[in-house]
Amino acid sequence: MRARRSGRNAERAFRTREFDAFVAGAAGRLLHAATLLTAETRARNPYAQALLTASLAHTYAVWGRSRDEDPYELTRRELAARFARTAWRHHGGRGVLAALHPQERLVVVLRLHEGVAEEQLAALLGVPEARVRAVCARAVAALRTAARDPGPEPVPDPADGRATGDAPAGRAAA
């Protein structure tokens, strides 16, 4: 009885060390992908961290049973699925990607940033490949338009005649 218990403890310790090594190598990239999905900033990304934590918890739960599967792919798939289920919470944010609808953001991040093939992405989202191509093309066109558009003109401040956001004379802009 005692030998069996120590064998299980050794196996559990080995599994934990393996998982810790995986997280040490992949967590940064996965957090970056989650941050892009949620359109948060690197400095403030609580939703991205929560998505990644839940996805890694799922990966750890199936770690011993998924020997033939790539753990990075498994975690990324879980991250995408969790984001898709909770995307209504992640509309908005900051940066260029915030202008995209959450589904467009998901397609752009997985297809262009992560390099997931259209066939895999279509299977993950449960849509035809043509839909993935159309969403990706529409999102890229929207990103190009957003990159070309410099934004609204500064509004003049009637108090001193400067445009709002201009630095006062004699001071450098911060």
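Val132, Val135, Cys136, Ala139 and Leu143 are the buried residues of α6, where buried means under 20% relative accessible area, exposed over 50% and partly exposed in between, with a 1.4 Å probe and protein chains only. They sit on the same side of α6 because they cover an arc of only 100° around the axis, the arc being that of the directions from the helix axis to the C-beta atoms.

Before going on, a word on the ground rules. This is a predicted model, so local features need pLDDT of at least 70 and side-chain atom pairs count only at pLDDT 80 or more, while totals for chains, interfaces and linings use all residues. Residues are numbered from 1 along each chain as its sequence is written, and side-chain values use heavy atoms, with hydrogens and water left out.

Back to α6, which runs over residues 129–148. Helices here are DSSP runs (H or I, at least four residues), numbered from the N terminus. With 20 residues, α6 reaches 29 Å from its first C-alpha to its last, close to the 28 Å expected at 1.5 Å a residue; that expected span is 1.5 Å times one less than the number of residues. Its buried residues pack against α4 (102–113) and α5 (118–125), with contact meaning heavy atoms within 4.5 Å.

Now for the charges. The whole structure holds eleven salt bridges, each a side-chain nitrogen of Lys or Arg within 4 Å of a carboxyl oxygen of Asp or Glu. Have a look at Glu78: its salt bridge with Arg82 has the closest N and O atoms 2.9 Å apart. Those two are separated by about one helical turn, because they are four residues apart in helix α3 (residues 71–85). Glu78 also forms a salt bridge with Arg85, this time at 4.0 Å between the closest N and O atoms. Glu78 itself is buried at 13%, whereas Arg82 is partly exposed at 25% and Arg85 is exposed at 52%.

Elsewhere, Arg77 and Glu69 meet in a salt bridge of 2.2 Å, N to O. Arg77 is partly exposed at 31% relative accessibility, and Glu69 is partly exposed at 31% too. Both belong to a network of salt bridges that links Arg29, Glu69, Glu73, Arg76, Arg77 and Glu114.

One last stop is Ala39, in the loop between α1 (2–38) and α2 (46–61). Ala39 is buried, with a relative accessible area of 4%. Its C-alpha is 5.7 Å from that of Arg94, a residue 55 positions away along the chain.
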